[in-house]
Amino acid sequence: MADGGVILDDPVEPMATARGLSYPLGTIPEPGEAIEAAPGVLWLRMPLPMALNHVNVYAIADGDGWVVVDTGLRTPDTVTAWEAVLAGPLGGRPVTRVICTHMHPDHIGLAGWLCERFDAPLLMTRLEYVTARMLIGDTGPAPDSGARFFRAAGWDEARIEKWRASYGLFAKGVAPLPPGYRRLSEGDVLTIGGDDWTILIGDGHSPEHACLWRRSDNVLISGDQLLPKISSNVSVWPTEPLADPLGDWMSSLDKLEQTLPADTFCLPGHGEPFTGVLPRIEALRRGHEVALKRLERTLRSPSRAVDGFSALFARPVGDGLYGMATGEAIAHLHYLERRGRAERQPDADGVDWWTLTSKESEA
């Protein structure tokens, strides 16, 4: 969210360029349709019932079947779209493996449904699979530790009660996962349809995010680790309240920059397939650095995490994004704290008040 947060798609023109990026495909698949994004790789779109109204999934030709990468959210509309895809563009051929880049519901929502339907194995990294299984089972009641976490960030009691009432929504968007999986790790090579795909692991947006890189023609299925028009949410959550995900995210950007060739063709989890990964990585890094500087100006006076929204986000934060915005604000504060640039002081009500360190204030 650091460079604008969730936005609706812009129209795509053939070879349109923006900020060093180009979008060579020029068209977008409707639900139930497919476009060949790269040799042997079909680009599908599944609907989402929110402002970010789609998630991209990919089907890679694999002999007599297909390897599916990500699946969409578990909703009736997504099931309908999948039925159309399976009967149409995928030609009734079976799904041989299901790969999920990470554990967010819009990416794993129908993984279990597809695995069961085709008796196909699920491939994920360990932390993504285990975290998903934990969250599916975490249906409530809402823990008091979570309420303390959000109170410390500056939430009032009415908002905390709304959070309590909605606790456990993760499982509603995700079909039950298989009881076992095949682990993906950094540097693993998967052979799909005679081609080798190398696993690259990122962090910050989710615990152990997997990207798939076909070195032979520099095609990268990036999930949410690299998006063309929005920056992935990087948040601290009550389950790991002292985490530094923005530090992890910045390190992951550095790794991708050092690994990927300039001509890499990126197939992202949202938005359109694009070239220009190196300018995009630099823009994402710069966006967070600018946001941190704006946040530091806010911290010249004692501030809560929620007081940092205007420094971090380009538009007002509504109820639907309040939790993600809070998590991202805390992530930026933790990043500054870990590097000696900010400090917190809890008050008698359990609210954290953040300020610049004395060294930074004098700078």
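**Cores and helices**

Tutor: In this predicted model, Leu 299 touches Leu 333, Leu 336, Ala 342, Trp 354, Thr 355 and Leu 356, leaving aside residues up to four places away in sequence.

Student: What makes the set around Leu 246 and Leu 299 a nonpolar core?

Tutor: A nonpolar core is a set of buried residues such as Leu, joined through side-chain atoms within 4.5 Å. The largest one here has 48 residues, and Leu 246 and Leu 299 have the most contacts inside it. Helix α10 (residues 322–338) supplies its largest share, eight residues. A second, separate core has 34 residues, including Val 55 and Leu 86.

Student: Why are α7 and α10 called roughly perpendicular?

Tutor: Their axes cross at roughly 80 degrees, and 65 to 115 counts as roughly perpendicular, so the term applies to α7 and α10. The axes come within 7 Å. Pro 245, Leu 246, Gly 247 and Met 250 of α7 make the contact with Ala 331, His 332 and Tyr 335 of α10.

Student: How do you know that the span of α1 agrees with its number of residues?

Tutor: At 1.5 Å a residue, its twelve residues (76–87) should span 16 Å, and the end C-alpha atoms are 17 Å apart, which agrees.

Student: Why are the buried residues of α1 said to line one face?

Tutor: Thr 78, Ala 81, Trp 82, Val 85 and Leu 86 are buried. Seen down the axis of α1, the buried residues fall within an arc of 130 degrees, so they line one face. The face turned away from them carries the exposed residues Pro 76, Asp 77, Thr 80 and Ala 87.

Definitions and conventions
Residues numbered from 1 in each chain as written. Predicted model: local features only at pLDDT ≥ 70, side-chain atom pairs only at ≥ 80, totals over all residues. Heavy atoms only, no water. Buried < 20%, exposed > 50% of the residue type's maximum accessible area, 1.4 Å probe, protein only. Helix = DSSP H or I, 4+ residues; strand = E, 2+ residues; numbered from the N terminus. Contact = heavy atoms within 4.5 Å. Expected span 1.5 Å × (residues − 1). Arc of directions from axis to C-beta. Axes fitted to C-alpha atoms, helices over the stretch in contact; angles between N-to-C directions. Parallel < 35°, antiparallel > 145°, perpendicular 65-115°, else oblique.
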